[in-house]
Amino acid sequence: MCLADLEFDYINAYESSSGINKVVLPEFIIQALLTSFYLVTAHWIMTLFSLPYLCFNLHLYRKRKHLVDVTEIFNQLSWEKKHRLLKLIYLIFSIFLSVFWMIYKSLT
């Protein structure tokens, strides 16, 4: 929402980038914990499914591209929107798979 509001000039670049940057590190930490939880509990399919996302997050963190820069946000707006949309689709699919496996295991 912050990127769409920024695109239509409802909020300024500083508010948008600070809103996005507040949730980036907790998102990375939660993803790492979830992947390690899958690994420890021997859910191999979900571990393999969540490893590419974790590796992508680690790659962004190492390259210092995980935070949105206030001065470059307008230049990177289309890439950031695609990036965040793909992450959202991935997370929705991941939640769907988790609920599916939970229901499947409880019924068998």
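This is a predicted model: local features need pLDDT of at least 70, side-chain atom pairs count only at pLDDT 80 or more; totals for chains, interfaces and linings use all residues.

Student: Which helix gives the largest share of the lining of the largest cavity?

Tutor: A cavity is, on a 1 Å grid over the protein atoms alone, a set of points where a 1.4 Å probe fits but cannot get out, and lining residues have an atom within 4 Å of a point. Here the largest share of the lining of the largest cavity, 4 residues, comes from α4. Both α2 and α4 supply at least two residues each. Among the lining residues are Val-24, Phe-28, His-83, Arg-84 and Lys-87.

Student: What is the volume of the largest cavity?

Tutor: A volume is the space filled by probe spheres set on the grid points, which are joined across faces, edges and corners. For the largest cavity this comes to about 50 Å³. The search of the whole structure finds 1 cavity of 30 Å³ or more.

Student: How many helices and strands does the chain have?

Tutor: Helices (H or I, at least four residues) and strands (E, at least two) are DSSP runs, numbered from the N terminus. This chain has 4 helices and 0 strands.

Student: Is Lys-87 buried or exposed?

Tutor: Buried means under 20% relative accessible area, exposed over 50%, and partly exposed in between (1.4 Å probe, protein chains only). Lys-87 has a relative accessible area of 7% and is therefore buried. Lys-87 is found in helix α4, which spans residues 77-107. Of the 108 residues of the chain, 27% count as buried.

Student: Which residues is Lys-87 in contact with, leaving aside its neighbours within four places in sequence?

Tutor: Contact means heavy atoms within 4.5 Å. With those neighbours left aside, Lys-87 is in contact with Glu-27, Phe-28, Tyr-53, Phe-56 and Asn-57.

Student: How many aromatic pairs are there?

Tutor: Rings of Phe, Tyr and Trp (its six-membered ring) pair if their centres lie within 6.5 Å; planes under 30 degrees apart count as stacked, over 60 as edge-to-face and the rest as tilted. The count comes to 7 aromatic pairs. In one of them, the ring centres of Phe-37 and Tyr-38 are 6.5 Å apart and the planes are at 45°, so the pair is tilted. In another, Trp-101 and Tyr-104 have ring centres 5.8 Å apart and planes at 85°, so that pair is edge-to-face. Trp-101 and Tyr-104 are 3 residues apart in helix α4, and therefore separated by about one helical turn. Trp-101 is partly exposed at 27% relative accessibility, and Tyr-104 is partly exposed at 40%.

Student: Which residues form one aromatic cluster?

Tutor: The cluster is formed by Phe-49, Tyr-53, Tyr-90 and Phe-93.

Student: Which residue lies over the face of Tyr-61?

Tutor: A charge sits over a ring if NZ of Lys or CZ of Arg is within 6 Å of the ring centre and within 35 degrees of the ring normal. Arg-64 lies over the face of Tyr-61, at 5.8 Å from the ring centre.

Technical notes. Residues are numbered from 1 along each chain as its sequence is written. Side-chain values use heavy atoms; hydrogens and water are left out. On a 1 Å grid over the protein atoms alone, a cavity is a set of points where a 1.4 Å probe fits but cannot get out, and a pocket is an open set with protein on both sides within 12 Å along at least five of seven lines; lining residues have an atom within 4 Å of a point.
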